[in-house]
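Student: I am new to this structure and would like to learn how its features are read. May we go through them one at a time?

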Amino acid sequence: MTDPQEVILQVEPGGRLHGQCRVPGDKSISHRAIMLGALAEGETRITGFLEGEDCLATLKAFRAMGVEIDGPEKGQVHVRGVGLHGLKAPEGALDVGNSGTSMRLMAGLLSGQAFDSTLTGDASLTRRPMRRVTEPLARMGARIRTSDDGTPPLCIEGGALLQGIDYRMPIASAQVKSSLLLAGLYAQGQTCVTEPAPTRDHTERMLAGFGYRVQRHDGCVCLRRGGQLQGGVIDVPADISSAAFFLVGASIAPDCELRLEHVGMNPTRTGIIDILKLMGADIQVENPREVGGEPVADLLVRSAPLRGVRIPPELVPLAIDEFPALFVAAACAQGETVLTDAEELRVKESDRIQVMAEGLTTLGIRARPTPDGIVIEGGQFTGGTVDSHGDHRVAMSFAMAALRAQTPIRIRHCANVNTSFPGFVQLAGRMGLNIQQQEGGA
Ligand code: S3P
């Protein structure tokens, strides 16, 4: 039985990816542009904003706290900053849908406000762990209630007096780091966060870009309250996490040559390129440049025979969102690919180790999940019906698998593709994937 609301992707086997395109804007940077733009003095003009549901949830939450925001209109957003102390109490709970980034970053920021607030989300988000932020925030003096098992909703009491801490993160998480830094804008003394391995640093870069003093040394980021954010212009590059599906698709299918334009190349995000290159992929970085404090380049990818690899653990945080796509690459590679040190994948929008292993197995690939990773043996995709479990990145990864399948691949529960990649079906179709979207019950 299918739900009449269910979105199904039906992808015919074969095809090749060819031409050039620009995938939508970076999700992490788009969230932060709204948040910091709202807290800044003056106006912030954003271009290339990701009009996906996750970032729109952040935008709506700030509107609900009294921030005037125009757009989005073709990726342009205009935020009239209210300053660090200008947010107003929202009328009801702030529902951030599927977006873990909105919830975890806003938990920190809202801990420092004078008013009470509640953060909630959809079925997937309300199963995800929040103690990783609520515990260190409580140590700073924040008063946050969660469900008994540490999941949302988060009820945040206003008026708490925050005190800076020196926090060593037990896990490599940019969301935790960013949450504490945003709370640190309101805390007495200094807030320092040390990470066990480098994670995406968009928050630090954007704070500095807005004129806020942030100190960085040896994996540690520190700031003090008392500064001001100055609004400005933000050009959001294309999201390397969305480009990832095309990097994999054009590597595994025969006769492909695809240029992806204006892709964000922040070194804390480029693990996907390093891993694919280790596997033998043919990816060229063209025209590297810097746009508003973030490195950007065009990527030229051509078909290449891939080989299985042991994924170096230090690359895991630098490719954390790209593993569903990498697993599809591994399934098309010669030999075995082994991933370890990636238990974080079990608490993403779905349990990405389990869900990908099940789907790959359905499609005729030997995939053995392990507690902190997976072992995939390269083989031949048959075809069949897989379930994305509402996980956008799983859905788009299996869509690319069809390029090397023998029969059609049908992917269930795909509505959440819109959280990060609005227009995926159209763009992938234009580039050469034989893909169609169907509503359930059809
Ligand atoms: C994000 C950080 C990552 C990533 C998520 C976006 C961010 O999560 O998976 O999609 O924008 O800070 P973790 O920091 O929890 O690994």
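Student: How many Å apart do the C-alpha centres of domain 1 and domain 2 lie?

Tutor: In this predicted model, the C-alpha centres of the two domains are 28 Å apart. The domain assignment gives domain 1 as 7–25 + 237–439 and domain 2 as 27–235.

Student: How do the lining residues divide into nonpolar, polar and charged?

Tutor: The lining of the largest pocket has eleven nonpolar residues, eight polar residues and 17 charged residues.

Student: Which residue does the UniProt annotation "active site" cover?

Tutor: An annotation of this kind comes from a record, and it may be inferred rather than shown by experiment. In the unreviewed UniProt entry, "active site" covers Asp 321. In the model, Asp 321 sits in the loop between strand 17 (294–302) and helix 9 (323–331).

Student: Is Asp 321 buried or exposed, and why?

Tutor: A residue is called buried when its relative accessible area is under 20%. Asp 321 has 12% relative accessibility and therefore counts as buried. Leaving aside neighbours within four places in sequence, Asp 321 is in contact with Arg 200, Ser 241, Lys 348, Arg 352 and Arg 393.

Student: What does UniProt list for residues 11–426?

Tutor: The unreviewed entry lists "domain: Enolpyruvate transferase" for residues 11–426. That span is 30% helix and 24% strand, and its end C-alpha atoms lie 12 Å apart.

Student: Which residues of helix 8 are buried?

Tutor: In helix 8 (residues 271–278), the buried residues are Gly 271, Ile 272, Ile 273, Ile 275 and Leu 276. Their cover includes helix 7 (240–252), strand 16 (282–291), strand 17 and helix 9. Just after helix 8, Gly 280 has a positive phi of about 105°.

Student: Where is Met 265 found, and what does Met 265 touch?

Tutor: Met 265 is in the loop between strand 15 (257–264) and helix 8. With a relative accessible area of 14%, Met 265 is buried. Not counting residues up to four places away in sequence, Met 265 touches Ile 240, Thr 270, Ile 273, Val 285, Pro 295, Val 296, Ala 297 and Leu 299. Pro 295 is 30 residues from Met 265 along the chain, yet their C-alpha atoms are separated by 5.1 Å.

Student: How should I read the backbone angles of residues and peptide bonds?

Tutor: Most residues other than glycine have a negative phi, and most peptide bonds are trans. Two residues here have a positive phi without being glycine: Asp 255, with phi near 65°, and His 262, with phi of about 55°. Asp 255 lies in the loop between helix 7 and strand 15 and is exposed, with a relative accessible area of 59%. His 262 belongs to strand 15 and is buried, with a relative accessible area of 13%.

Student: Which peptide bonds are cis?

Tutor: One of them runs from Gly 71 to Pro 72, with omega near 5°; Pro 72 is placed in strand 4 (residues 68–73). The bond from Pro 152 to Pro 153 is also cis, with omega near 5°. Pro 153 is in the loop between strand 8 (144–145) and strand 9 (154–156).

Key. Residues are numbered from 1 along each chain as its sequence is written. This is a predicted model: local features need pLDDT of at least 70, side-chain atom pairs count only at pLDDT 80 or more; totals for chains, interfaces and linings use all residues. Side-chain values use heavy atoms; hydrogens and water are left out. Ala, Val, Leu, Ile, Met, Phe, Trp, Tyr, Cys and Pro count as nonpolar, Asp, Glu, Lys and Arg as charged, and the others, Gly among them, as polar. Helices (H or I, at least four residues) and strands (E, at least two) are DSSP runs, numbered from the N terminus. Buried means under 20% relative accessible area, exposed over 50%, partly exposed in between (1.4 Å probe, protein chains only). Contact means heavy atoms within 4.5 Å. Domain bounds come from an automatic or database domain assignment.
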